[in-house]
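Here are some notes to read alongside the structure, for anyone opening it for the first time.

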Amino acid sequence: MIDAASDLPLTIAIITGSGVAAQWLAWRLRVPSIVLMMGAGLLLGPIAALTLGHPLLTPDESFGDYLRPMIALAVAIILFEGGITLNFRELRDTTTAVRRMVILAFPLGWALATLALHFIGGLAWDLSAMIGALLTITGPTVVLPLLRQAKLPPRIASVLKWEGIVNDPIGALAAVFVFEAIHQTQLGHSVGSAALALGFGIAIGAVLGFVSGIVMSHAFRRGWVPEPMKAPLVLAAVLVCYAIADALAAETGLVAVTVFGLVVANSRLASIEEMRRFKEGIASILVASVFVVLAASLTPAALGSLGWQHFAAVAAIILVVRPVAVFLATLGSGLSLAEATFIGLIGPRGVVAAATAGHLSVSLLQSGREDAAVLAPLVFLAVFASVFGCGFAVAPLARGLGLSESGPERLLIVGANPWSLGLADALKKAEVPVTIADTSWRRLRAARLAGHEVYYGEVLSETADWRLEPSRFASLVAVTPNDAYNALVCIEYAPELGRSHVFQLSGFDGPAESARVDDDPSAIAFTARGRTLIRRGRGYDGLARDWWSGWRFKATRLTEEYSLEQCLEDAGEDADFVLARRPNGSISLLGNSSKLPDAPGTLLIRFARQGAAAGEREADAAGG
């Protein structure tokens, strides 16, 4: 066990290091990070206590009286980060099904979950209402990886994504309201005075959060804050807002920061995306640390306090309450029975639910509610069960209900022109699905006639956030004639798809031996653009010129008899290899990669001179 007095820096390093490592490992394994973060805390805490005789990490002893305020500040930042994602204008533009999930499914699910926790789980009414609010919401941080795993149609993916984004802060806020009611009752107030004190506290928190958001937005619009200081200033303002609200009325800080985030999100600030990404970076570290601390703080006795009735209540919430609430709320919304069934059964609980539960349970225990000891382990159980269950069930369930998009990963092509349409035709023959996006209906005409899926509109618009669901795509290529626009598209989609999966044409069209955009001081910096799509760095003009001179795309499959070396020899030195489809169906844009895949069964697509050195053996290999 780590000594609290002498090894506090080591304790902090272990907490942050193990949490971030769990997030990275989850990204590599393509599983929800919340599972591994909780697992890291459990290994360091209760599991180590059971196997080694003592825990390796004891946050209560290491941080003492500072643990609760540290967790409270972290949860405040996490809730603000959740609130800043909720744009009411975007909600108005979403489908009827999404609005029904927010307006009807959440309160209905909350009521049913409260009943299940009270009558099945045996919890008091107030605790049932508080936990029910937390267990009704899903989290976008756990939903998005599942969407990529299942290859869902845009409508289902949009509903699940926006439900998580919108309901996450709303559910946490509802739980905080119930907690405030419990807190006022524990102070000995009558029902009337408790309601008055609760309303007063909520009003203080809401007003302070609203004023903070208005002042911050006004300062940003007037240009009173330099760009490099905007994100740090917001972070400091969140902490100040939380502290002032808590000082004016105990336990109202979480209300204040959530309202603060909602006001900032709906203020139409030009720098809102940069702030969101900065907050996401801070929040990811805090989330990792909070989960490790909360999980490590669970004792074997706390975990052992969970009885069969608690397991039954969690099972009822996951398998009965949510499906019934979703089905009733979405009647007449346009969703089919299969879609409503899938959405009802896929509802992983996320970061905000677990973090808020850990914070509120500590507060209730310190105020004398001994029955609140079950709060944290019960919510952790629900998070584990829902994430594990959904993780294993999402793909088979989507296939069983006929909702999964079969086939290999999909590619998003931004820009309709003869070269990109030729690439799309080659990919279609290779059974690689594509979506072509453009702002010109005329330029999309050839793509529509060829049977490709198209998106007519601006991919950088707010509408595209939910109509052009990024989780459907493995990679993006921006191939418009405008190099700056291509770079802007790649920057916008890099956080969703990963910077290694966004590509664009080079802005440089010089000789082959010097056509490297990274070395051109007059080009857009490589840090502000996507990866170079064509390995030799050629740009739009050169590719268009070659297209009209007769170059075309060709697909070649590698076999045991037909190796990569033979393919390179037949293709010629001037051929541009663009994409590889591996035997397992995954696709890789080759870009400026130094090594081409050489496994038998790999399909390589190249842009080359028509008929250049194409022998009979290559034609046989491509046909095989």
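**Notes on the model**

1. Let's start with strand 4, residues 473–478. Six of its six residues are buried, so this strand is largely enclosed by the rest of the structure. Keep in mind throughout that what you are looking at is a predicted model.

2. Who are the partners of strand 4? On one side, strand 1 and strand 4 pair in the parallel sense over five bridges. If you want a residue pair to click on, valine 414 has alanine 478 of strand 4 as its bridge partner. Strand 4 also pairs with strand 5, again in the parallel sense, over three bridges. There, valine 477 sits opposite phenylalanine 503 of strand 5.

3. Now zoom out to the sheet around it. Six strands make up an open sheet in the order 3-2-1-4-5-6, and the pairing is parallel. Which strands stand at the edges of this sheet? They are strand 3 (453–456) and strand 6 (531–532); each has a single partner strand, so one side of each is left without a neighbour in the sheet.

4. Follow the sheet towards strand 6. Strand 5 (residues 502–504) is joined to strand 6 by two bridges, and the two run parallel. Phenylalanine 503 turns up again here, this time opposite arginine 531 in strand 6. Against this sheet packs helix 19 (residues 418–429), which touches strand 1 (410–414) and strand 2 (434–438). The direction of helix 19 makes about 170° with that of strand 1.

5. Have a look at the loop between helix 19 and strand 2, where you'll find glutamate 431. As background, most residues other than glycine have a negative phi. Glutamate 431 has a positive phi of about 65° although it is not a glycine. Is its side of the story buried or exposed? Glutamate 431 has a relative accessible area of 56%, so it counts as exposed.

6. Four strands form an open sheet in the order 7-10-8-9, with antiparallel pairing. Its edge strands are strand 7 (552–557) and strand 9 (587–589), each pairing on one side only. On average, neighbouring strands in this sheet are turned by 25° against each other, direction ignored.

7. Within that sheet, strand 7 and strand 10 (residues 603–608) run antiparallel and are joined by six bridges. Helix 24 (residues 564–571) lies across strand 7, strand 8 (576–581) and strand 10, and runs at about 15° to strand 10.

8. Aspartate 546 has a relative accessible area of 12%, so it is buried. Setting aside neighbours within four places in sequence, aspartate 546 is in contact with Arg538, Trp551 and Phe607.

9. Next, helix 18 (residues 375–400). At 1.5 Å a residue, its 26 residues should span 38 Å, and the end C-alpha atoms are 35 Å apart, which agrees. Where is the kink in helix 18? It lies at alanine 393, shortly before proline 396, and comes to about 45°. Just after helix 18, glycine 402 takes a positive phi of about 70°.

10. Serine 18 counts as buried because its relative accessibility is 18%, and the cut-off for buried is under 20%. Its side chain reaches the backbone oxygen of isoleucine 14 at 2.6 Å. Leaving aside neighbours within four places in sequence, serine 18 is in contact with Ala13, Ala40, Leu44 and Val292.

11. Finally, some totals for the chain. The secondary structure comes to 25 helices and ten strands. Of the 624 residues, 54% count as buried. Among contacts with a separation of 6 or more, 75% are between residues 24 or more positions apart.

Note on methods. Residues numbered from 1 in each chain as written. Predicted model: local features only at pLDDT ≥ 70, side-chain atom pairs only at ≥ 80, totals over all residues. Heavy atoms only, no water. Pairing = 2+ DSSP bridges. Axes fitted to C-alpha atoms, helices over the stretch in contact; angles between N-to-C directions. Contact = heavy atoms within 4.5 Å. Buried < 20%, exposed > 50% of the residue type's maximum accessible area, 1.4 Å probe, protein only. Polar contact = N/O pair within 3.5 Å; in protein donor to acceptor, adjacent residues only side chain to side chain. Expected span 1.5 Å × (residues − 1). Bend = angle between axes of the 7 residues up to and from the residue.
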